[in-house]
Amino acid sequence: MRLIGDTNIPFVPKRRLFFVISGLMMLASLVVILVRGFNYGVDFTGGSLLQVHFAQPVTADAMRGVLDKVGEGGAGLQVDERGDFLIRAKAREFPGQQTFSSVLSQQLAASFPGNRFEILRDETVGPQISKELQGKVLLAVLLGLLGILIYVSFRFDFRFGTGAVLSLIHDTLITLGFVALFGKEVTITVIAAVLTMIGYSVNDSIVVSDRIREDVRKMRKESFFDVCNQSINKTLSRTIITSLTVLFVTLALLVFGAASIKDFAFVMTVGTVVGTYSSIFIVANFVVEWEKKFPSKRRR
Amino acid sequence: MKGARIKFAVFIAAVALGIWSLIPTYQLYFVLPGHERALNARLTRAATADDSARVQVEMAEFQQHKASIHKRSLHLGLDLVGGMQLTLEVDKSKLSADEAADAGDRALEVIRNRVDQFGVFEPIIQKVGRDRILIQLPGVDRERAKNLIGQTAQLKFQLVQEERATYDALKTLDDKLKAAPAADTGHPPKSDTAKKVKTDTSRLAALLDTARKDTGLTAVGQAEEGTLLGYVRTVGGDFAVDDRDYPEFKALLERTRPYWPAGYEFLFGPSEAHEGSPVRRLYMLRAEPEMLGSAIKDARPAPYQGSEPGLTNTWIVSLKLGRKDAAVFAQVTGRNIGRRLAIVLDNVVKSAPVIQSRIPDGNAMITTNEVNPDEARDLAIVLRSGALPAPVNIVEERSVGASLGTDSIRRGILACLIGAVVVVVFMVIYYSVAGVLADFALLFNLFFLLAVMAGLRSTMTLPGMAALALTIGMAVDANVLVFERIREELRWGKTVMAAVDAGYDRAFVTIVDANATTIITAIALYFIGSGPIRGFATTLTAGLVINVITAVFVTRFIFDWWLARFEVKKLRI
């Protein structure tokens, strides 16, 4: 079976259109990020995230009342798909070995006698730790990017390398735009997804670039632009199929995975789609544009 | 085909190695839980003490066996089995430079002791940085464990000042407060303190009553704002404050600290219920302790055996002092018959019994007022393992309930299975026979991934399961690259053999390139170092490396073998 036969889609001739589309998407993402900002999780802000499960249902108002009593009236309260409460509170100091969860469970036991409850999840991050985590995450992202840069610059010439890196920025920005647009909580897991997405989306760019290099060597008679267009068309099938198999899995995670994995799957899904788009429409076209403006002296 | 034989042998050896590496994991999660249930059932059924003892011996052997298997298995992270991860920081602010130098190590030692005695299966306790301690405890009662780990456990025996003197001291302090009122003179008590005075007819109550009349407060239900005595009531012959007033009262008392009688300090008891409302007793103690907790040789939980009616059926911790310290204790008790000796744990007065007679044998006890033995048991552990050199603060806590962990595993496996089935079916439909081949490769991939992770004793976490799912999606990528290339080569009119050769050769570099970037990012993620993400990074890295190997060597080998064996002339791909 074949989904995509021999195509001859004018990717290169129509490149301006794709540049405009990408430019607009990036601009929109930037605006969304600046206007809405990110919804940072406790990993980065410090504070507590508690998930409380009751044997018998409790109304959100009653829960609010309890939070008021423990001096956390301003805490974020949310009911998840399982009917559990998600409570987000700012970092605060408690006397002795007490933490927000112990203070809350005492108050819950007093306020709802006879109703069994369990604190299913407690993520409490002190201000010092969250600051350190920010540093570590930033370091990991920088290390990851640097690693990719070094690898790409070793394996490709300067122009393709730059193209791959630009598409990487493109993919990241748009994915982050979606994260901000949908108000997804930015946790370490989400950052991991962004970084993985970056690593994976470079894959497709590499496949296309590899093919162009090979074809440029083989098809000496044709112009660089034709070669590029043909190479993109020739790799189109595999670019789409490989992304498709990953999408099958990320979609399965998105639908069936545990709550904290859903955000991860969301980022991977969006990132894979955007990454595939940019490998087909942007990377080679960027190199073509560069070649046109500043022709290289000798054909690669 | 001599080369093929060797390749085949290597492959079989790898599979055998993989199975061998997964055996302990299989035992741990699929065989041992059944054994454990059976043993537990036998223990509850045990008719005689002899039977019970025999089962308990078997139980101990079983636990040892389990521990040794656990060491060789794929571990599940706390986010999957449920449990608690704490990061503690040793508060060195009150230590001298000398004491601070090894405070972290000493705290680690003490906490390790406590956790060991608490009896948690396979805990992790390690120092992180200079004065942080990371603790991972699978499946425990969190509040209890936190209390056990975090107690500084500085035990002191201090003499209690007499009631009259305490009252006078408080009165003097009130005078000082009146002379120098601060901007904020405190709020009126929230409790109905004054009303309660009437119910207590002790000498102290009478004293307090007079005091209130002296200050011009006659009406019931009022207490003078901004005075200590305004908050104070009496509980069973002790001064006490209502728990709801405690923060304000404590702040007020703290303000008068410079005027406290020299050599004395004020401390509170734990919160306790008295006539339906929570109160804390207030004690004035001689600041110089008569004895320190380091004198304790042994501490054991025991049921209360004495005659005080409020304590029947409750648990105590019975303390045994060393020989030399017992002599000191005998002296102290002998000199102070009739006075009260407070037992102070972490600046909370646990109890303050009257010394009835000289205690020569070095036995003492701490009452818990609890019918449940847990507190007495934990306190005994804490006292036996010694005091922490300094208080520790919980700077990070991540806990997951066992039921949530089970739910995560269930949903993770479901997502992986559904993702895998869709991918497998798609590959067969899209590439027919070659697709089946890629699916075999996928199976081997998952098998080798789990085997390698078990072999490396790595930990499977929730993000790790996501990484597992991702490797399923990416595993077939390499084969897709190869198959697409073979299709192209076939279209160009190459023979089947030549097309397969060219397909693998051409795609190899691309496959390595493509996986390398993802591996680079996964390695970078490893450095964030938080447990779950580390699980993600190792799973993904291992998965991708194995992907490349199986895709390039294993499927190629099977492909070649299949083409040669059946002399395939026409390839449908």
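Start with the sheet: eight strands form an open sheet in the order 3(A)-4(A)-2(A)-5(A)-17(B)-2(B)-4(B)-3(B), paired antiparallel. At its edges sit strand 3 (76-79) of chain A and strand 3 (124-128) of chain B, each of which pairs on one side only. Ignoring direction, neighbouring strands of this sheet are turned by 20 degrees against each other on average. Keep in mind that this is a predicted model.

Helix 5 (residues 103-118) of chain B packs on the sheet, where it touches strand 2 (83-90), strand 3, strand 4 (132-138) and strand 17 of chain B. The direction of helix 5 makes about 175 degrees with that of strand 3 of chain B.

So where do the two chains join within the sheet? Strand 5 (residues 117-125) of chain A and strand 17 of chain B run antiparallel and are joined by five bridges. Here are two of the bridge partners:

| Residue in chain A | Bridge partner in strand 17 of chain B |
|---|---|
| A:Asp122 | B:Ser399 |
| A:Val125 | B:Glu396 |

Now for the contact between the chains as a whole: 61 residues of chain B are in contact with 54 residues of chain A. On the chain B side, the elements giving two or more residues include strand 17 (392-400), helix 6 (142-150) and helix 14 (462-491). Helix 13 of chain B gives the largest share of that side, 15 residues. By type, the chain B side divides into 34 nonpolar, 17 polar and 10 charged residues.

Finally, the domains. Chain B is assigned domain 1 (2-73), domain 2 (83-153 + 395-400), domain 3 (290-370) and domain 4 (402-565). The centres of domain 1 and domain 3 of chain B, taken over C-alpha atoms, are separated by 47 Å.

Methods. Residues numbered from 1 in each chain as written. Chains lettered and ligands numbered in written order. Predicted model: local features only at pLDDT ≥ 70, side-chain atom pairs only at ≥ 80, totals over all residues. Contact = placed C-beta atoms within 7 Å. Helix = DSSP H or I, 4+ residues; strand = E, 2+ residues; numbered from the N terminus. Nonpolar A, V, L, I, M, F, W, Y, C, P; charged D, E, K, R; others polar. Pairing = 2+ DSSP bridges. Domains from an automatic or database assignment. Axes fitted to C-alpha atoms, helices over the stretch in contact; angles between N-to-C directions.
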